[in-house]
Amino acid sequence: MVLLGTLVDALLIIVGTIIGRFLQGIPDKMKEAVMQVIGLSVILMGIQMGIKSNNFIIVIVSLVIGTLLGEWIDLDLQLNRFGRWIESKISKKGDNGDIAQAFITSTLIFAIGSMSILGALDSGLRNDHSVLVTKGIIDGFTAIFLASTLGIGVILGAVSVFIYEGVIAVFAGQISRFVPPDVLDTFVQQLTATGGAMIIAIGLSMMGLAKIRIANMLPAILIVALIVTLMHFF
């Protein structure tokens with residue numbers, strides 16, 4: 001089953017979110033401390049991802065151009081509007097947590113990263129789900145703490161993960177037919193580093209050290225693909 005790893009990852013996020021909802025009685029001081037620790041861990045993960053690149057020019061150019069595009073279309077605003085719409089449909093009066101922010105934060109944390117791409121490719125190309133299952137365990141524990149602080153909106157990250165990883169897994173076979181292995185390896189490497197910068201931004205935001213419209217950085221992913229493609233042909 002091609003989507004087994006993706007399904008396990010999404011289900012563990014859902015389970016973690018549900019568990020986290022029952023931990024909302026934790027004192028605010030303790031929640032703040034936990035969020036600070038998670039933010040620090042996210043920053044460390046982002047740094048680890050960021051140093052994967054052997055060509056930081058690609059990362060810098062992709063982030064700059066991608067962010068300019070994101071600001072132009074105001075992707076952050078669009079995602080917030082979508083999150084608010086979801087909130088109006090499923091949240092109850094007095095429900096704790098900002099669903100829009102939880103949706104954006106959890107989606108970026110769970111969906112962006114080398115494990116998502118490599119794991120989905122392994123599922124699609126080799127029917128090996130070990131990477132996504134491992135990622136799911138990590139995501140599940142992360143979802144517990146995110147949900148205890150950010151609320152039920154974290155569960156929407158499972159939907160993003162299932163769609164994102166599922167699409168890659170399903171079309172992985174087709175991708176391998178048209179994209180040379182060296183180009184694919186380069187793309188994954190540079191995307192991992194670019195995603196690492198976004199992850200660091202998430203960590204800084206979670207710790208309250210900076211206010212960054214992280215969603216507006218997402219077009220950088222497309223710019224990475226474009227640059228790697230141009231480099232291959234020219």
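Let me begin with pLDDT, which is the predictor's confidence in each residue, on a scale from 0 to 100. What we have here is a predicted model, in which local features need a pLDDT of at least 70 and side-chain atom pairs count only at pLDDT 80 or more, while totals for chains, interfaces and linings use all residues. Residues are numbered from 1 along each chain as its sequence is written, and side-chain values use heavy atoms, with hydrogens and water left out.

The protein averages a pLDDT of 83, and 91% of the residues score at least 70. Among its elements, where helices (H or I, at least four residues) and strands (E, at least two) are DSSP runs numbered from the N terminus, the highest mean pLDDT, 94, belongs to helix α3 (residues 56–73), and the lowest, 73, to helix α4 (residues 75–90).

Now to the pocket. On a 1 Å grid over the protein atoms alone, a pocket is an open set of points where a 1.4 Å probe fits, with protein on both sides within 12 Å along at least five of seven lines, and lining residues have an atom within 4 Å of a point. The largest pocket has a volume of about 710 Å³, volume being the space filled by probe spheres set on the points, which are joined across faces, edges and corners. Of the 30 residues that line the largest pocket, Tyr 164, Ile 168, Phe 187, Leu 191 and Ile 221 are the closest to its centre.

Which helices each supply at least two residues of that lining? They are α5 (99–111), α6 (114–126), α8 (156–178), α9 (181–206) and α10 (220–233), with α8 giving the largest share, eight residues. By class, the lining divides into 27 nonpolar residues, three polar and no charged, where Ala, Val, Leu, Ile, Met, Phe, Trp, Tyr, Cys and Pro count as nonpolar, Asp, Glu, Lys and Arg as charged, and the others, Gly among them, as polar.

Finally, the helix packing. Axes are lines fitted to C-alpha atoms, for helices over the stretch in contact, and angles run from 0 to 180 degrees between N-to-C directions. Angles under 35 degrees count as roughly parallel, over 145 as roughly antiparallel, 65 to 115 as roughly perpendicular, and the rest as oblique. The axes of α5 and α9 lie 10 Å apart at an angle of about 140°, and these two helices are therefore oblique to each other. For α3 and α9, the axes come within 9 Å and cross at roughly 55°, which makes α3 oblique to α9. Helix α3 also packs with α10, at an angle of about 135° and with axes 8 Å apart, which makes α3 oblique to α10.
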